[in-house]
Amino acid sequence: DEVLPPDWSEELRKILTKRITTSSVGLIAEYDSRDNIFTPRQGYQYQLESMWFDDSIGSDIDYSLTSFQGLNFWPLRKQIRLGLKVAADYADADSLLPPYATPSIQLRGIPAMRYQGQFVGMTEAEVVWEATNRWRAAVFAGAGKATNDTGKFNQADTRKTYGVGFRYQIARRYGFDVGIDVARGPEETVWYITAGSAWAGI
């Protein structure tokens, strides 16, 4: 597990006991070829985002945040499709960031902000079987790492997840599915209610 450097203990105390304002400017580049924005069956969505937080624009802390996410959807057979998510976040900061500003592993089965670090990488694969015109079943598995030392990313602990779920196409006209996922992470089992793609809210 990640252990805070001793000289960050006082910084953490200050962060948790005072009000902090963050503001930023940034750039976003995106490519999207998905066949449906709600529940894709094929296509790709790639997004690269760079944000700068600085006192000149009203931020109490100075740092930069770079985020990448790639979503891939492939039809394997008429009733089976494969999805693959690849994502990474990097916060370039000279001091400890507030918990809400620190990148974290975002996978089904891991509670929000459970595993954090200045550099985070994760991937998740999902296979969906369309049992009928409206009902689908899904299985998925993922893995992620978080570290404060980018040079030791390979040595960081790998957090693994897996799970199953079902979907019901509630709006056929729009290709919109809803459902429930049950995911197991390193420590506990988590339930999710999904609307559209499971990756839209993670």
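This is a friendly dialogue on how to read a predicted model of one protein chain.

Visitor: Before we start, what kind of model is this, and how are residues numbered?

Guide: It is a predicted model, in which local features need pLDDT of at least 70, side-chain atom pairs count only at pLDDT 80 or more, and totals for chains, interfaces and linings use all residues. Residues are numbered from 1 along each chain as its sequence is written, and side-chain values use heavy atoms, with hydrogens and water left out.

Visitor: Which helices and strands does the chain have?

Guide: Helices (H or I, at least four residues) and strands (E, at least two) are DSSP runs, numbered from the N terminus. Here there are one helix and nine strands, and their order along the sequence is α-β-β-β-β-β-β-β-β-β. The C-alpha atoms fill a box of roughly 55 × 35 × 30 Å along the principal axes.

Visitor: How many of the residues count as buried?

Guide: Buried means under 20% relative accessible area, exposed means over 50%, and partly exposed lies in between (1.4 Å probe, protein chains only). In this chain of 202 residues, 40% count as buried.

Visitor: What do the contacts in the chain join?

Guide: A contact means heavy atoms within 4.5 Å. Take the contacts between residues at least 6 apart in sequence: 54% of these join residues at least 24 apart.

Visitor: How is a pair of aromatic rings described?

Guide: We use the distance of the centres and the angle of the planes. Rings of Phe, Tyr and Trp (its six-membered ring) pair if their centres lie within 6.5 Å; planes under 30 degrees apart count as stacked, over 60 as edge-to-face and the rest as tilted. A search of the whole structure finds 10 aromatic pairs. In one of them, phenylalanine 38 and phenylalanine 176 have ring centres 5.3 Å apart and planes at 85°, so this pair is edge-to-face. Phenylalanine 38 is in the loop between β1 (24–32) and β2 (43–53), while phenylalanine 176 is in strand β8 (residues 176–184), so the pair links distant parts of the chain, 138 residues apart. Phenylalanine 38 is partly exposed at 33% relative accessibility, and phenylalanine 176 is partly exposed at 23%.

Visitor: Where do tyrosine 90 and phenylalanine 119 lie?

Guide: Tyrosine 90 and phenylalanine 119 also form an edge-to-face pair, with 6.4 Å centre to centre and 70° between the planes. Tyrosine 90 lies in strand β4 (residues 80–92) and phenylalanine 119 in strand β5 (residues 119–130), so the pair ties together parts 29 residues apart in sequence. Ring pairs also link Tyr44, Tyr46, Phe68 and Trp74 into a cluster.

Visitor: Which charged residue sits over the ring of phenylalanine 140?

Guide: A charge sits over a ring if NZ of Lys or CZ of Arg is within 6 Å of the ring centre and within 35 degrees of the ring normal. The charged end of arginine 108 sits over phenylalanine 140, 3.8 Å from the ring centre. Likewise, lysine 145 lies over the face of phenylalanine 153, at 5.7 Å from the ring centre.

Visitor: What is phi of methionine 113?

Guide: Most residues other than glycine have a negative phi. Methionine 113 has a positive value, near 65°. This residue is found in the loop between β4 and β5 and is partly exposed, with a relative accessible area of 44%.

Visitor: Which residues does aspartate 35 touch?

Guide: Leaving out residues up to four places away in sequence, aspartate 35 touches Pro40, Arg41 and Gln42. Aspartate 35 is in the loop between β1 and β2.
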